[in-house]
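Subject: Structure for you to look at

Hello,

I am passing on the structure we spoke about. Please open it alongside these notes.

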Amino acid sequence: MKTLKTRLKSRIEPCYLVSGDDYYLFDKALSMITKAIDLQLEDFNKSVFDDDNFAMQTVLNACEILPMGSNKRLVIVKNITKINENDKNLLENYLKNPCKSTVLLILDFNNKFTSIQKLCEFVDAKRMDKSLARSIVVNDLAKRGKQISAEAVEVLLDYCNGYLTNVMNEI
């Protein structure tokens with residue numbers, strides 16, 4: 001996540017692929033990207049697609065719409081459980097020449113988009129190592145005006161199997 005924050009300061013990519021198993025990191029990536037592009041008028045400039053309304057051509061059409069009152073438009077694809085080869089080919093073709101005013105954010109919970117990893121800015125949302133997770137917990141609690149002992153952090157991380165999603169729910 002630190003590398004994403006650094007990369008977002010220097011350049012906004014047309015596509016981000018977030019893949020892993022810690023949902024807290026998916027939310028963090030979404031928040032960081034939304035903040036970095038300074039999304040205005042979300043009702044007009046943000047489209048969200050999931051398994052219920054997913055059709056690749058519809059997603060790509062949404063990517064081609066110009067933003068209104070904002071510099072960028074955000075198209076989010078999440079929770080996709082089925083994608084066929086034709087859809088993957090359509091997406092790969094789009095990513096070869098993406099719309100510069102749109103950021104396509106793919107939250108790949110089910111590892112269905114691994115074939116496009118090289119065409120997107122990849123964000124790893126796998127469970128973090130304990131030292132980084134410790135610092136995130138301590139910093140999050142400090143923002144809330146709270147403290148936690150080193151032993152308590154260890155117990156919390158062990159109890160939650162190192163998943164920040166579970167840790168933040170417990171906090």
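Below is what was found, by topic.

The model is predicted. Please read every value that follows with that in mind.

Salt bridges

How many salt bridges does a search of the whole structure find? The count is eight. Some of them are described here.

As for accessibility, Glu 121 counts as buried because its relative accessibility is 17%, under the 20% cut-off. Arg 7, at 28% relative accessibility, counts as partly exposed.

A further salt bridge runs between Glu 154 and Lys 130, whose side chains meet at 3.6 Å, N to O. Here the partners sit on two helices: Glu 154 is in α7 (residues 150-159) and Lys 130 is in α6 (residues 130-143), so the pair ties together parts 24 residues apart in sequence. Both residues have intermediate accessibility: Glu 154 is partly exposed with a relative accessible area of 24%, and Lys 130 is partly exposed with 35%. The pair is also part of a network of salt bridges that links Lys 130, Arg 134, Glu 154 and Asp 158.

Glu 13 sits in the loop between α1 (2-10) and β1 (15-20). Is Glu 13 buried or exposed? Its relative accessible area is 18%, so it falls under the 20% cut-off and is buried.

The side chain of Glu 13 makes a polar contact with the side chain of Arg 11, at 3.4 Å. These two residues also form a salt bridge, in which the closest N and O atoms are 3.4 Å apart. Side chains of opposite charge can pair when their charged atoms come close.

Which residues does Glu 13 contact once its neighbours within four places in sequence are set aside? They are Val 103 and Glu 121.

Helix α2 and what follows it

Helix α2 (residues 23-36) has 14 residues and, at 1.5 Å a residue, should span 20 Å. Its end C-alpha atoms are 20 Å apart, which agrees with that expectation. The buried residues in α2 are Tyr 24, Leu 25, Phe 26, Ala 29, Met 32, Ile 33 and Thr 34.

After α2 comes Asp 38, which has a positive phi near 50 degrees. Asp 38 lies in the loop between α2 and α3 (42-45) and counts as partly exposed, at 49% relative accessibility.

Positive phi values

Most residues other than glycine have a negative phi. Asp 38 is not a glycine, yet its phi is positive, about 50 degrees. Asn 111 is likewise not a glycine and has a positive phi of about 55 degrees. Where does Asn 111 lie? It is in the loop between β4 (102-108) and β5. At 46% relative accessibility, Asn 111 counts as partly exposed.

Regards

Terms used: Residues numbered from 1 in each chain as written. Predicted model: local features only at pLDDT ≥ 70, side-chain atom pairs only at ≥ 80, totals over all residues. Heavy atoms only, no water. Helix = DSSP H or I, 4+ residues; strand = E, 2+ residues; numbered from the N terminus. Buried < 20%, exposed > 50% of the residue type's maximum accessible area, 1.4 Å probe, protein only. Polar contact = N/O pair within 3.5 Å; in protein donor to acceptor, adjacent residues only side chain to side chain. Contact = heavy atoms within 4.5 Å. Salt bridge = Lys/Arg side-chain N within 4 Å of Asp/Glu carboxyl O. Expected span 1.5 Å × (residues − 1).
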